[in-house]
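I opened the model to look up its sheet and its helix packing. My notes follow.

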Amino acid sequence: MWYLCVFYHRLLDYRKPEFESLADLFRAFGDKRSSDFNTQDKVLQWRLPKHHHPDSPFHFVHLPSEDVARNIANRSILVKGIYELWGEGNDFEELEEAVKSYPDERKLPYLESESTFKITVDSFGKVLSLQEQNERIQGLSYIPFKGRVNLKNPDHNFWLMETDENETNNGLPPVVKRRIFFGREIGGADRKLIPMYQLKTRNYLGPTAMDAEMAFLMANQAQAAPGKLVYDPFVGTGSILVSAAHFGAMTMGADIDIRVVRDGRGPDCNVWSNFKQVFDGIICDPPYGVRAGGRKSGGRKLLKGIVGPYTVPDDKRADHIPSTAAYTLVECVHDLLNLAARMLVMGGRLVFFYPVLREDGSVETHFPEHPCFKLVATSEQMLSSRYSRVLLTMVKTSFYTEELALAARIKHLEFRENHLKWLENGNLHSSVFSPADAESGDSKVSKESKPKYRGKYV
C-alpha cells in the first residue's frame, strides 16, 4: 500500500537511507533470517507528489502493512510522520472530490461515534494564522465525523497539509504548484529523544563527542535493536553507543589498536581470536585529523621493520609507555574493514564516517571497498564549503577467508595509490583550514557550489 511520508527538512541525504534501513529491520522486504544476504532486490518504491522537487519533504512510499509503517515512523529520527492518504489535490475542490472517492471501507472504521479524533493543519513554505487553520477545518464538513474531538489524547489523528508556490529563494526546495493533502496519521518520530540526550546535558564531553541526532541516525543505519551486540572500536566518551543502547542493543566499546586483527601480531591477537563473528553492528567515527588525529602503537623501528614484534615483560607492564606513530586515514579504514569482516555476523552492518574534500561543488565518490561487504548507503553532511563527511553503511555479504583477506589487501593498495594525496598523508586538517588560494589560486571561495536552500548543511 502507498503511504504519504513527510520528512523533516534537514540532513537531506540521510532521510531515505535511514528509512530504508528501518524498513529492512522491520521486515518490509520479507524474512531477513534467510541465508540470502543479497541486498540488491531490497529496494523500496518511492515516488514524488506532482510538481515537487526531489528534496521535498513529501514522498510517497510503498510498504507492506500499516504495522511496518508505524514501526518505521515511531523509530525514525527524520520522519515527521507517515499517513494513510485519503485524498490530494491542487485546490480544496479537488481534495474534496478525492476524499469522497476514497473507499468507505477504509474511512468508516475511523469515523465511528465511539472514537475520538483531532485534526491538525500544517503548511510548508508559508505560515497559516489560527483563523485560517479553523477555516480549513470547517471546510472538511463533507467528512462524516461522528466521534468526539479530543485534542490531548485522540484515538485518531488527521492531518491537512498544504504546500504553496515558492519558486523564490526562501530557504526551501522550489514547489511549482500548490498541493493539498489529507490523511490519517499512522505514526511519527519521537523528537523528545534529541533534547533528552543532547550533549549539553551530559556531565562529561570529549573533543569529538558525536551529536545526539547524528548518533541516533547511525544507530538506525546499523539497525540497533534488543538482542543485538553493537561495537565501537573508537569509543571515546561513548556518545555513539548511547544511542544504540537506547534502542535496546547491548554495547561494547574500546580505543584499541585494531591492527592486531589485520596482521595477527601483538599481545592481543589471541584475545581477538575468541571474538570472531559476534557483533551484529559496528558503528564508529574514525580519527581523520580535523578535531583529533590517529595514533598507533609500534614506534618507528617496529614500523620500519628494524625490530620485530615484541611482548612487554610482566614486570614492566605497570608503568610501560608504548611508542606510537602517526596513523593515516587510509590505513585506519583498511584495518577497520578487516576487523569488521572478521567480527561481524553475516548480514551485520558497518557504519562509519569518511571525510571528503569538496572541489568545484563536487564530492569524491570513490570510497574504500572490501570483498566481504556491499555498500548500501552513502549520506553526505556538508560541514563547510570545502569539507564534508560521508556516512558509509556497509552490509557483510561474504564470510571472511584468507583469499578474501588477500583481495582486500590488493584493493587497499590500489585505493591508497589512486586516492587523493591529502588522505594518504593524513593531512586533512591543513587541507581544510589552509587559505583557499593555496590550492585554487583564487582568494575567494565560490558560492555557486552551495545549495540554493537549506538542509544540506545542517
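Which residue of β3 stands opposite Leu 4? I looked it up: Phe 60 faces Leu 4.

The model is predicted, so I noted the limits: local features need pLDDT of at least 70, side-chain atom pairs count only at pLDDT 80 or more, and totals for chains, interfaces and linings use all residues. Residues are numbered from 1 along each chain as its sequence is written, and side-chain values use heavy atoms, with hydrogens and water left out.

Sheet. Strand β1 (residues 2–7) and strand β3 (residues 58–62) run antiparallel, joined by five bridges. I took strands (E, at least two residues) and helices (H or I, at least four) as DSSP runs, numbered from the N terminus. The sheet is open and mixed, with eight strands ordered β2-β3-β1-β4-β8-β7-β5-β6. Pairing needs at least two DSSP bridges between two strands. At the edges I found β2 (46–47) and β6 (148–149); each has a single partner strand, so one side of each lacks a neighbour in the sheet.

Helices on the sheet. Helix α3 (residues 92–101) touches β4 (79–89), β7 (156–163) and β8 (179–187), and its direction makes about 90 degrees with that of β4. Contact means heavy atoms within 4.5 Å. Angles run from 0 to 180 degrees between N-to-C directions; axes are lines fitted to C-alpha atoms, for helices over the stretch in contact. Helix α5 (residues 130–138) lies across β5 (116–124) and β7, at about 125 degrees to β5.

Helix pair. I then checked α1 (residues 12–25) against α7 (residues 212–221): they pack at about 45 degrees, axes 8 Å apart. The contact residues include Tyr 14 and Leu 22 of α1, and Met 214 and Leu 217 of α7.
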